[in-house]
Amino acid sequence: MRRVRYEHTGGPLFLEDVPVPTAGPGELLVRTEAIGVTLPVVRKVTEAAEPIPLGGELAGEVVAVGQGVTRFGAGDRVTGLCFGHGYADYALLHEAMASPVPESASAVDAVALVRSGLVALGALEAARPTAGESALVTAAASGVGHLAVQLARLRGASRIVGAVSDPGKAEFVRGLGADEVIAYDTDDWGTPVDYALDAVGGDLLTPAVAALAPGGRLVAYSSGGGSVQAYDLLVGAKSVIGFQMARIARGEPELYERWRRELWRLFTAGTLKPAVHGEFALEDAIEAHTAIESRSNLGKVVLLP
């Protein structure tokens, strides 16, 4: 089978031929049909001290199962998070990280919706929104952000501000339901909001906290790091909440499953619509990574084996 790998920090990515892996205890062997490209994986390629397996979200058909697997069998369509080599024709999923894909959905739908949607929904839940509150979503055109904008509206947000790296993304973000769109380098972010969902971190944390109204909450779910001055929180009785999807997946599987069902319910009803920026062949993984690195994507970036 084909697999994408790299040998040095920063790449380049290349294809290699390797044997198809064997499903171990608790694992599913999946013939991949769609693979999601995410900023955390892209950053690992450019920043990790040593090469790592390119994992992440994928969807496809189960071709074999390992000892002890009870929820899935050969022929089932699944999506899930792969912690090993996921940029490949075949990949291994732990049963606990796999979810069924409805017959009405494609593999691309599953990759664009489930993992990114779980992060967006989880971050929104962490903000504890109430109907009528206003919201700010950074990286509003990203794979997670474009779903967060829609979910905030579905949860009753009265006003949604989408923050983006490029003003050229404004039309796309407004089409998702945002009332206002601002660029990161804008001096004035407008009327303060009740809560913010931040996927960027770093230097953007300061203006994002400043954009909160008194008592406002910022949910940080970025891998970009950054810090916040305690005084900036004290003067407005503001709070910063950290959210990590992996903790929910590992420690609260029932909640994880409930959120997953909610995403599919909204998708089936036509009220939550994942957008796909581009579909790239496996051998074009470097172009897919470039789309993420350049922040040019509008929605999800997907690899097709």
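**View 1. The side chains of Ser 116 and Lys 300 make a polar contact at 2.9 Å.** A polar contact is a pair of N or O atoms within 3.5 Å; within protein, one atom must be able to donate a hydrogen and the other to accept it, and residues adjacent in sequence count only if both atoms are side-chain atoms. This is a predicted model, in which local features need pLDDT of at least 70 and side-chain atom pairs count only at pLDDT 80 or more, while totals for chains, interfaces and linings use all residues. Residues are numbered from 1 along each chain as its sequence is written, and side-chain values use heavy atoms, with hydrogens and water left out.

View 2. Ser 116 counts as buried because its relative accessibility is 3%. Buried means under 20% relative accessible area, exposed over 50%, and partly exposed in between (1.4 Å probe, protein chains only). With neighbours within four places in sequence set aside, Ser 116 is in contact (heavy atoms within 4.5 Å) with Glu 57, Gly 143, Val 144, Leu 147 and Lys 300.

**View 3. Salt bridge between Asp 89 and Arg 2.** The N to O distance for this pair of side chains is 2.9 Å. Asp 89 lies in the loop between β5 (77–82) and β6 (90–94) and Arg 2 in strand β1 (residues 2–5), so the pair ties together parts that are 87 residues apart in sequence. Asp 89 is buried, at 15% relative accessible area, whereas Arg 2 is partly exposed, at 26%. A salt bridge is a side-chain nitrogen of Lys or Arg within 4 Å of a carboxyl oxygen of Asp or Glu; by this rule the count comes to 16 salt bridges.

**View 4. Network of salt bridges linking Arg 3, Arg 5, Glu 7 and Glu 16.** Within the view, Glu 7 and Arg 5 form a salt bridge whose closest N and O atoms are 3.6 Å apart. Glu 7 is partly exposed, with 44% relative accessibility. Arg 5 is also partly exposed, with a relative accessible area of 26%.

**View 5. Salt bridge between Arg 31 and Glu 33.** The two side chains meet at 3.5 Å, N to O. Arg 31 has a relative accessible area of 31% and is therefore partly exposed. Glu 33, at 27% relative accessibility, counts as partly exposed.

Notes
Helix = DSSP H or I, 4+ residues; strand = E, 2+ residues; numbered from the N terminus.
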